[in-house]
Structure formats: structure tokens, C-alpha cells
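Please open the model in a viewer and display the side chains.

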Amino acid sequence: VAAPTHGIIVVVGHGIQDDAMQRALATAKAALQKGGSADTEVWAELQPPLRALGLANFLPAYAENVRRYTGQGSKAPPESVQKFTVYPPSWDSNPLVRTSRRNVWPDTAAGAALRKVLETYFG
């Protein structure tokens, strides 16, 4: 889900319960896999206009190329990677945090499910 060339990146040792990690991973996979709810619910079209300029929580396939950091630069072929960046939920109401670093969740059933499990993950 994270990147076909690099696999899934996992953070360990932060006191997050294993079941919360497993639910977060399963929900994210279901949403972000090819043909998943991010595609079927058209999350890319649901973002606020400013977020569509790159300050987005959700990036659809081919919008970002993680291989450009591996020495291939602009010659790296496009990757079919969908990405959903989640910031700590406490940032959403903190006036000191830039708006571009606050979460914007898809207003869909799968978006609500992802929000619930990831906010639980963040505790």
C-alpha cells in the first residue's frame, strides 16, 4: 500500500497497541489499494481547493513519486501509490499549527472509518 517499490513503513516501539496497529493497517489497505474506497468514493475530488495544490492529506495514484529520492530523480517512472498523510489529531484544533498541517478527512463512509481507526491509533 505505501509503495510498491519500498513496501510498507512501520513505526514500532511507541506504545501503540498491536490491535490498533492491525486495524489501522487493514483499514488503510482497504481504502488505498487499487480500486479501494479512495477510488470508488473519489477522494481526490473531495478535497478543499487549497489542498488540491499539494497540501493534501490524500494524494491519488501517480500524484507523487517516492522513487525520485532513490537517485533516479525526475527519470523515475510513475508509481501507482495512493497516500493518506495523517497528522496528530490534536493539531486540528491548535491555533499554532498551520492549516495545511491539519487533517481533512474524506466525508464518506470509508473516510469516517479511516478517521476513527487512525484517531484511535494516535490515541
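**A tour of the aromatic residues and the core**

Begin by selecting Trp-43 in this predicted model: its relative accessibility is 2%, so the residue counts as buried.

With both rings shown, examine their geometry. There are 4 aromatic pairs in the model. Trp-43 and Phe-58 make up one of them, an edge-to-face pair with centres 5.6 Å apart and 80° between the planes. This pair joins distant parts of the chain, 15 residues apart: Trp-43 lies in the loop between helix 2 (37-40) and strand 1 (58-59), whereas Phe-58 belongs to strand 1.

Now extend the selection to Phe-84 and Trp-105, which complete a single aromatic cluster with Trp-43 and Phe-58.

In soluble globular proteins, nonpolar side chains tend to be buried together.

Which residues is Leu-114 in contact with, leaving aside its neighbours within four places in sequence? Select Thr-27, Ala-28, Trp-43, Phe-84 and Trp-105 to see them.

Finally, turn to Tyr-87 and Trp-91. Tyr-87 is buried, at 13% relative accessibility, while Trp-91 is partly exposed, with a relative accessible area of 31%. Their rings form a stacked pair, 5.7 Å centre to centre with 15° between the planes.

Definitions and conventions:
Residues numbered from 1 in each chain as written. Predicted model: local features only at pLDDT ≥ 70, side-chain atom pairs only at ≥ 80, totals over all residues. Heavy atoms only, no water. Phe/Tyr/Trp six-rings, centres within 6.5 Å; stacked < 30°, edge-to-face > 60°. Helix = DSSP H or I, 4+ residues; strand = E, 2+ residues; numbered from the N terminus. Buried < 20%, exposed > 50% of the residue type's maximum accessible area, 1.4 Å probe, protein only. Contact = heavy atoms within 4.5 Å.
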